[in-house]
Amino acid sequence: MSTPSIEETLRRPAPAQVTGEAAPRRPREGHRPEIQGLRAVAVLLVAIYHIWLGRVSGGVDVFLMLTGFLITGSLLRMVERRGRVEYRAFFARLARRLFPPAAIALAGVLAGTWLWLPQDRWRDTLAEVAASALYYENWRLAVTAVDYLAGGEGASPVQHFWSLAIQGQFYLIWALLLTGTVAAALVRRSPRAIFTGVLVAVFAASLTYSVIRTAVEQRWAYFDTGARLWELALGGLLALALARWDSARLPVPLRVALGWGGLAALVACGLVLQVSTVFPGYAALWPTGAAVLVIVAGTTGSRLGADRLLSARPLTYVGDISYALYLWHWPLFVFYLAKTGNTTASLAAGCAILAVSFVLAAATTWVSDRSVEWVTARRATRTWSLVLGVVCLTPVVGVSWSGVAHLDEQARIRQAQAADPANYPGAAVMVGAPPPPKLPYRPDLRDAKEDLPLIHTNGCVAPYKATEVKVCQFGDPNGRRTIALVGNSHAAHWFPALHKVVDETGWRLITMVKSGCPLLAGGARYPDTGAPYPACDAWGRGVMLQLRALRPDLVITIGTRTDPKGRPEELERLAVPRWRQLGAYGIRVMAIRDTPRLTFPPADCFTRVSLQQCAEARYRSLAPVAPYRNRRDLPRNVRFVDFTRYVCTPGSCPMIIGNVLVTRDRGHFTETYARTLAPMMESAIRRVTGWR
């Protein structure tokens, strides 16, 4: 049996193929069922790795490659038949096939968010639902992925829409590229020949960028459309190659080997590679290359071929509903984790999640197809198809944006209530202030993530990838005393206290802060992965140049390091040479003992017991004796300050003190609580410096 040409393969409606998950329900002449089976394998790998292994499989990369493979041929056929890209027809087809299932799934996410997610996650989830519906979720995740404060909390139920957002952007990019190709072809050659050259250039440029970007900032690259375009271009080049060269010419035994080799490589990819930390880059050539081998192998006609398995009806049916299955499996898993408080799913629970996902996927596919057929049978115009697709997602976007606006307004009201020191004294009760009346704590858990220091909202904190030092100034620019706050986000969460101090004393405050980056003399590492953090080292060198030029009277930084994973509290050993260097400049250093961290997100405690009853054992992150005690090798210009007694009792660290929520996540003060520490901060500064 010969392998169908790409023209035959793409004869059916393109929108059914564009996501790498959906497909028409009936095989047609020239249809390659093994591609449906490959889709099924990819989506099953995605779900299984997510639910049971807590890893990423590489299956999404297969979807991206298949999207490029199928859409490239579809668009080229349109150009060769019509002489242009018919945008209205192309996007109408996409809208009526992709938007209804997405709208149904996103509506389900909105309902599940209200039913099962803690309220502190509502705002972010609503914002991400809107981003998913409008196909920019990948960029939203790219921004939050490089934000140190965004890590460690519950996953978003629409996080998986990042790949669909990239595909949505790809459709527009490819259509525009082909339009330019058509214009160029009027002058010289055929669109197919020119577009081949364009795809080679896109593949080479995107892969190069992907490798470089992944090495420098993998968190960003993972969601970056530019770092993923090469996977789609690879599929496009494969489509063009198979249109000119029939892989059926290869010996059947070789094609059998290629099919099974590609399938085995695809299954093994996520087990061998830590996909979530090394992709995309050149590592993503593994799953995409494996899928290429399966497609090149084609329909072998052999009883031993992988295509025999991939063409089996159960797999092709899963391929038919794979788009909807992809949409449903992740939010169901996230809701399960949120409801149970578990971090993984048992075998039985995972099977139940998959079973429900299959039922919802089948129902979603059926309802979407039948609804579209019913509507377009009466108004079968391209404009009407576009309108239908847009109408499906409009309520989702409207509900999401309205919900965000309502939550923001409620947060503003609660924030105003928290400004009353008599009812919300915070840390003052730890030094003898009378207990306040029993009132709802502030900030509310729903507002905690947004209760950030000013320097986090005005751009004064350098993100992970940055090496440039951001110097910001507060207080009196002509103040008699100048204080520099330097270091990572644990230094930054003291900013509200310092800001209040300089406003009341007339001192000057400058800040130099970077996410996840203490002031070290080299050897910095990312706090979550332990990987080398060269941007932090470069930033630290720049900070020292700034401090040498500015000559502040006092540098405030973090002197020890606590860890929520159980490692003991340590002195910032690599910071000592920097402190000594500051001493040579005549600058004093106030090194603050690091604050304790939670071993659980605040929301998890809220779901188990009353938040007022939640507390973390002090010993879990703080050493019994501060690591700097009895150290004789510390520079003479350094004085350590321990604020622990304003955050913890001798045995535990409560989450609410004086009606104020202490931390907004596992380890950072709320801005509201930090401001109540201002008197203690001023007292410590005067004690260290002798200032009156």
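What follows is a conversation about the disulfides and one surface patch of this structure.

Modeller: Before we start, please keep in mind that this is a predicted model.

Colleague: How many disulfides are there, when a disulfide is taken as a pair of cysteine sulfur atoms within 2.5 Å?

Modeller: With that cut-off, the count comes to three disulfides. One of them joins C460 to C472, with an S to S distance of 2.0 Å, and its torsion about the S-S bond is -100 degrees, which goes with a left-handed link.

Colleague: Which parts of the chain does the pair of C460 and C472 tie together?

Modeller: C460 lies in the loop between α18 (454-457) and β1 (461-462), whereas C472 belongs to strand β2 (residues 472-475), so the pair ties together parts that are twelve residues apart in sequence.

Colleague: Are C460 and C472 buried or exposed?

Modeller: A residue is called buried when its relative accessible area is under 20%. C460 has 4% relative accessibility and therefore counts as buried, and C472 counts as buried too, because its value is 15%.

Colleague: Where in the chain are C517 and C536?

Modeller: These two cysteines are joined by a disulfide with an S to S distance of 1.9 Å. The pair links distant parts of the chain, with C517 in the loop between β4 (508-514) and α21 (534-550) and C536 in helix α21, 19 residues apart. The link of C517 and C536 is right-handed, with 90 degrees about the S-S bond, and both cysteines are buried.

Colleague: What is the handedness of the disulfide of C648 and C653?

Modeller: C648 and C653 are joined at an S to S distance of 2.0 Å, and the torsion about their S-S bond is about 95 degrees, so this disulfide is right-handed. C648 counts as buried because its relative accessibility is 3%, and C653 is buried with a relative accessible area of 6%.

Colleague: Now for the surface: which residues make the nonpolar patch of about 370 Å²?

Modeller: That nonpolar surface patch is made by L53, L271, V272 and W286. To look at one of its members, L271 lies in helix α10, which covers residues 252-272. A residue is exposed when its relative accessible area is over 50%, and L271, at 55% relative accessibility, therefore counts as exposed.

Definitions and conventions: Residues are numbered from 1 along each chain as its sequence is written. This is a predicted model: local features need pLDDT of at least 70, side-chain atom pairs count only at pLDDT 80 or more; totals for chains, interfaces and linings use all residues. Side-chain values use heavy atoms; hydrogens and water are left out. Patches are made of residues with over 30% relative accessible area and no salt bridge: like charges are joined within 9 Å, nonpolar side chains (Val, Leu, Ile, Met, Phe, Trp, Tyr) within 5 Å. Accessible areas come from the Shrake-Rupley method with a 1.4 Å probe; for residues, only the protein chains shown count as cover. A salt bridge is a side-chain nitrogen of Lys or Arg within 4 Å of a carboxyl oxygen of Asp or Glu. Helices (H or I, at least four residues) and strands (E, at least two) are DSSP runs, numbered from the N terminus. Buried means under 20% relative accessible area, exposed over 50%, partly exposed in between (1.4 Å probe, protein chains only). A disulfide is a pair of cysteine sulfur atoms within 2.5 Å.
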